[in-house]
Amino acid sequence: MSIFEELESEVRSYSRGWPVVFDRAQGSWLHDESGKPYLDFFAGAGALNYGHNNPRLKQALIDYIQRDGVTHALDMFTVAKRDFLQTFRDKILDPRGYGYKVVFPGPGGANAVEAALKLARKVTGRESVINFTNAFHGMTLGALSVTGNSMKRGGAGVPLVHATPMPYDKYFDGAMPDFLYFEKLLQDSGSGLNEPAAVIVEGVQGEGGINAARLEWLKGLDDLCKRHNILLILDDVQMGCGRTGPFFSFEDAGITPDIVCLSKSISGYGLPMALTLIKPELDVWEPGEHNGTFRGISPAFVTATEAIDAYWSDDELEKSTKAKGERIAAAFSGIVEAYPEAKLFAKGRGLARGIEFADGDLAGRVCAEAFARGLLMETSGPDGEVMKLLPPLTLTDDELTQGLSIIDESIKAVLTK
Ligand code: PLP
């Protein structure tokens, strides 16, 4: 029995589908300790949009450590934080006309979500939050209360309250006009729905099964929130930082959410970092009212600054992400057509793509076949029924060709068995 099996809790999960010991990583590739390469189409669950050990980010990090730059700084002022804030404003916020202030909520995505929920409740004085079917927002209690998955919710061990789920886009396959139910409940004083502080939504649901909301649906949600004076929280933890093409997944919908959650690829290097972006008029925190030890991990600020400089000074990455996404979409359409009896369904946007199978067993078996052929892929969706692709945005066309061909073979191996 390995030290992992002996000592590490049963709660571990990814290591079960990929039971090798990884050692080195570069670009789109992970290598196990025997040197076997794996093409990484999971990219740290979206935390490695610029690939593993990106050379430009690595150099900035080495230089910073070499000169004894501050590593840990609570929320003190540091040169690393100043450079990050300046670059983030100049290259991300200002060009898009977003006047957000920045909260450093703690190191992970769930921290960004907790801060968003707390602030929305404080600003409005209301408790209730609207979430969506199949949403995923993290594993802390507040984040779990707005998460759909029953297995994850069950882990809370306490009642998860003050949240009401509404149907996400396409939940009724177009059988019901958008927001009919939601708006009726808001308008009807007998509906039993408490006046919500906020709505929390993902532009594309990653964990929930690569469900891409239509841009007009997001716009409709934004309009509804404005009409009813409800704050809109956009959780871009997984789909932000270019995953769907633009830096923010909601840009093309032409909306400016009140609060935005970012994490995963914001540091660009896989280092822990998260942001909660808030409209300035919502900045009603007392000093220290939301706090945490790991809110100023300067090496993450250094790589985040370098990543923005390297990839967001022009629109090259955005264009290539959209183009590669279209290549995957075309390949997936071909696969769907090749197996009509399997009733597959291709979904996604940008470089967040998936194929939905009839059940989780099939999607899981395809991922296992892919692993055996040297490709890392995961499942998502309530029953793990979606084979999910989140490759680094920086992957080459050749790597994409290689990955797609492994996917083809893996699906064939499972569906023609
Ligand atoms: N929000 C979304 C949309 C996510 O996909 C995730 C993680 O997958 C989280 C929040 C939670 O982030 P973390 O795991 O860093 O706490």
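**Packing around helix α14**

Analyst: In this predicted model, α13 passes α14 in a right-handed crossing. Helix α13 covers residues 360-372 and helix α14 covers residues 397-415; their axes come within 8 Å and cross at roughly 130°.

On the α13 side, the contact is made by L362, R365, V366, E369 and A370. On the α14 side, the residues are I406, S410, I411, A413, V414 and L415. By class, this contact of α13 with α14 has eight nonpolar residues, one polar and two charged.

The axes of α12 and α14 come within 11 Å and cross at roughly 20°. Angles under 35 degrees count as roughly parallel, which is why α12 is described as roughly parallel to α14. Here too the crossing is right-handed, with α12 passing α14.

From α12, the residues K324, R327, I328, A331, F332 and I335 take part. They meet D397, L400, T401, L404, I407, D408 and I411 in α14. The contact of α12 with α14 divides into eight nonpolar residues, one polar and four charged. K324 and R327 are the charged residues from α12, while D397 and D408 are those from α14.

Along with α2 (14-17), α6 (109-124), α8 (150-154) and β16 (378-380), α13 supplies at least two residues of the lining of the largest pocket. That pocket has a volume of about 1,300 Å³. It is lined by 47 residues, and the closest to its centre are S13, Y14, F136, K152 and E207. By class, the pocket lining has 23 nonpolar, 17 polar and seven charged residues.

A search of the whole structure finds one cavity of 30 Å³ or more, and the largest cavity has a volume of about 50 Å³. Its lining includes F104, P105, G106 and P107, as well as P272, M273 and A274. Also in the lining of the largest cavity are F294, R295, G296, I297 and F301. These residues divide into nine nonpolar, two polar and one charged.

For another helix pair, take α9 (residues 180-187) and α10 (residues 215-227), which pack at an angle of about 0° with their axes 12 Å apart. That angle makes α9 roughly parallel to α10. F182, E183 and L186 of α9 make the contact with L221, L224 and R227 of α10. This contact has four nonpolar residues, no polar ones and two charged.

Note on methods: Residues are numbered from 1 along each chain as its sequence is written. This is a predicted model: local features need pLDDT of at least 70, side-chain atom pairs count only at pLDDT 80 or more; totals for chains, interfaces and linings use all residues. Side-chain values use heavy atoms; hydrogens and water are left out. Axes are lines fitted to C-alpha atoms, for helices over the stretch in contact, and angles run from 0 to 180 degrees between N-to-C directions. Helices (H or I, at least four residues) and strands (E, at least two) are DSSP runs, numbered from the N terminus. A crossing is left-handed if the near helix is turned anticlockwise from the far one by less than a right angle, and right-handed if clockwise. Contact means heavy atoms within 4.5 Å. On a 1 Å grid over the protein atoms alone, a cavity is a set of points where a 1.4 Å probe fits but cannot get out, and a pocket is an open set with protein on both sides within 12 Å along at least five of seven lines; lining residues have an atom within 4 Å of a point. Grid points are joined across faces, edges and corners, and a volume is the space filled by probe spheres set on the points. Angles under 35 degrees count as roughly parallel, over 145 as roughly antiparallel, 65 to 115 as roughly perpendicular and the rest as oblique.
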